Amino acid sequence: MNPYIQYMYSYPHKTAYRTLEGIFLQDYAHLLSGSKNSLYLHLPFCQSKCGYCNLFSVTGQTPSAFSSYLDAVERQARQYQEIFSAFHPAFTETAIGGGTPLLLPQDLLERMFRILDTYFYSGAERELAIETAPNQTSREKLQILKQAGATRVSMGIQSFCDQELQALGRQHQARKAREALALLKSFGFPCINVDFIYGIPGQTIESLLTSLKEALAFEPDEIFLYPLYLKHGAWLPPSPVSSAGHTAYRQYQEASAFLRGEGYRQDSMRRFVKLAVSSPQEQRPFSECGFGTSLALGCGGRSYLGNLHFCTPYAVTAGECSRQLRRFMDTEDFSRITHGILLSEDEMKRRYAIRHLLIRPGLDIQRYQQTFHSQALEDFSLLQDWIRQGYAILSPANNTDYLTLTEEGLGLSDCLGPQLISPQIRTKMEEWEAALSVSKDEPYPQSLP
């Protein structure tokens with residue numbers, strides 16, 4: 001079995017989205033009524049394009065381009081505020097990603113937070129997460145994050161080995177990552193997360209564990225382990241991690257066992273959370289994550305409002321990223337939804353199952369039945385196959401039954417999750433991939449025209 005088919009961070013993937021007509025944001029505004037809404041701001045700017053990256057981002061931009069982008073974001077935020085004002089939404093979770101948000105100069109970073117505070121009410125208990133990278137982490141910018149109330153800062157380190165960083169096309173050196181992480185730690189943010197990659201060409205189990213041991217010296221609150229995927233849009237030669245899947249899987253097994261042994265709770269194939277000394281057996285509490293409302297600002301982020309998912313068209317190549325970014329910056333009316341997908345009940349079931357199965361404690365069987373008035377094990381017979389194969393178990397907890405991936409099943413998340421993709425969504429994804437494979441665009445984004 002190939003452990004590495006696809007990273008199922010959400011469902012359906014953006015490549016299944018298509019043109020929408022007659023969809024207006026005000027018709028869905030009532031879904032944001034009240035609290036517990038999420039807000040996501042996408043800043044698609046990077047210092048350089050990493051060799052493995054096929055995310056929506058551009059390089060080579062100037063502060064003037066950053067400012068023009070924030071002009072468009074503020075125009076979008078103002079229109080959204082007007083549309084939602086009657087429903088008084090509170091956005092208790094805010095995430096800022098990219099790209100590299102801290103690539104913004106200090107004055108524009110401060111402006112970015114002013115936009116969020118001006119147009120979106122968050123309440124006193126807002127969780128604010130933001131991403132950074134070693135080369136962009138400075139004392140002055142971290143002070144801005146502190147003043148803005150950041151509760152979680154995530155840094156992409158990937159490795160503490162310079163040869164492995166070079167193989168990935170990263171622009172920072174291990175020395176800079178150490179300095180940046182030490183500086184980040186000194187600010188006392190409530191949660192610090194660091195990302196690492198395994199399956200890197202030339203990487204060994206020993207070198208991976210060496211990087212993780214060095215990371216533990218900084219006592220991060222969370223560690224994410226990502227397998228190296230090289231897909232269309234990355235400038236390293238397209239060769240999926242599956243070609244070295246056995247080696248990568250061995251690295252995953254050793255690294256996950258190591259982190260669990262060092263007091264980190266494994267919540268998913270990728271996420272490891274440091275446990276308090278006083279409660280080493282703490283379990284992740286169940287959190288509903290199938291129907292949350294989330295609103296995105298900027299070019300590249302996606303919004304979830306009921307069965308409506310929408311975003312700007314997905315792009316990974318140089319030309320298409322630049323074109324989509326220019327279209328966003330030229331947009332005057334953000335109330336019309338022109339690209340996305342309307343999920344059927346079957347697709348909502350699949351999304352709900354995927355979002356819960358791939359993170360512990362798993363899929364709440366009773367809650368699924370109450371939500372959809374059907375049985376998960378009957379709707380998806382392959383779940384019974386997973387139980388028979390030892391990839392999942394039914395486990396009672398808190399007066400309910402959870403379908404939970406076993407340790408082996410958790411490590412096969414990127415193989416098991418894709419099995420729940422519907423034939424209709426899979427066809428759309430394959431059509432998008434086929435169109436990309438014949439594209440004449442450059443493999444990584446350059447400057448805007």
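Modeller: A disulfide is taken here as a pair of cysteine sulfur atoms within 2.5 Å, and the structure to which this cut-off is applied is a predicted model.

Colleague: With that cut-off, how far is the sulfur of Cys 289 from the closest cysteine sulfur, and in which residue is that sulfur?

Modeller: Cys 289 counts as buried, at 17% relative accessibility. A disulfide would need the two sulfur atoms within 2.5 Å, and the separation found for Cys 289 is too far for a bond. The closest cysteine sulfur lies 18 Å away, in Cys 191.

Colleague: How many disulfides does the count come to, and which cysteine has the sulfur nearest to that of Cys 46?

Modeller: The count of disulfides comes to 0. Cys 46, for its part, is in no disulfide, its nearest cysteine sulfur being 6.3 Å away, and at 14% relative accessibility Cys 46 counts as buried. The residue that carries this nearest sulfur is Cys 53.

Colleague: Which residues are linked with Arg 271 and Glu 222 in a network of salt bridges?

Modeller: Asp 267 forms a salt bridge with Arg 265, in which the closest N and O atoms are 2.6 Å apart, and both Asp 267 and Arg 265 are buried. These two residues belong to the network that also holds Arg 271 and Glu 222. The residues linked with Arg 271 and Glu 222 in this network are Arg 152, Arg 265 and Asp 267.

Colleague: In the salt bridge of Asp 379 with Lys 349, is Asp 379 buried, partly exposed or exposed?

Modeller: The closest N and O atoms of Asp 379 and Lys 349 are 3.3 Å apart. Lys 349 counts as buried, at 13% relative accessibility. Asp 379, with a relative accessible area of 29%, is partly exposed.

Colleague: Among the aromatic pairs, what is the angle between the planes of Phe 160 and Phe 196?

Modeller: There are 22 aromatic pairs in the count, and one of them is formed by Phe 160 and Phe 196, whose ring centres are 5.8 Å apart. Phe 160 lies in the loop between β7 (152-158) and α4 (162-168), while Phe 196 lies in strand β8 (residues 191-198), so this pair ties together parts 36 residues apart in sequence. Phe 160 is buried at 6% relative accessibility, and Phe 196 is buried as well, at 0%. The pair is tilted, and the angle between the planes is 55°.

Colleague: Over the face of which ring does Arg 270 lie, and at what distance from the ring centre?

Modeller: Two charged residues can be described in this way, and one of them, Lys 146, lies over the face of Phe 189 at 5.1 Å from the ring centre. For Arg 270, the ring is that of Tyr 7, and the distance to the ring centre is 3.6 Å.

Colleague: In the open sheet of 3 strands, which strands stand at the edges?

Modeller: The order of the strands is β16-β18-β17, with antiparallel pairing. β17 and strand β18 (residues 400-405) pair over 6 bridges, and Ala 397 has Thr 400 as its bridge partner in β18. Each edge strand has a single partner, so one side of it is left without a neighbour in the sheet, and the strands in this position are β16 (363-364) and β17 (392-397).

Colleague: Finally, which residues is Tyr 80 in contact with, leaving aside its neighbours within four places in sequence?

Modeller: Tyr 80 has its place in helix α1 (residues 63-84) and counts as buried, at 3% relative accessibility. With those neighbours in sequence left aside, the residues in contact with Tyr 80 are Leu 25, Phe 120, Leu 295, Ala 296, Leu 297, Phe 310 and Phe 334.

Methods. Residues are numbered from 1 along each chain as its sequence is written. This is a predicted model: local features need pLDDT of at least 70, side-chain atom pairs count only at pLDDT 80 or more; totals for chains, interfaces and linings use all residues. Side-chain values use heavy atoms; hydrogens and water are left out. Two strands pair if DSSP finds at least two bridges between them. Helices (H or I, at least four residues) and strands (E, at least two) are DSSP runs, numbered from the N terminus. Rings of Phe, Tyr and Trp (its six-membered ring) pair if their centres lie within 6.5 Å; planes under 30 degrees apart count as stacked, over 60 as edge-to-face and the rest as tilted. Buried means under 20% relative accessible area, exposed over 50%, partly exposed in between (1.4 Å probe, protein chains only). A charge sits over a ring if NZ of Lys or CZ of Arg is within 6 Å of the ring centre and within 35 degrees of the ring normal. A salt bridge is a side-chain nitrogen of Lys or Arg within 4 Å of a carboxyl oxygen of Asp or Glu. Contact means heavy atoms within 4.5 Å.
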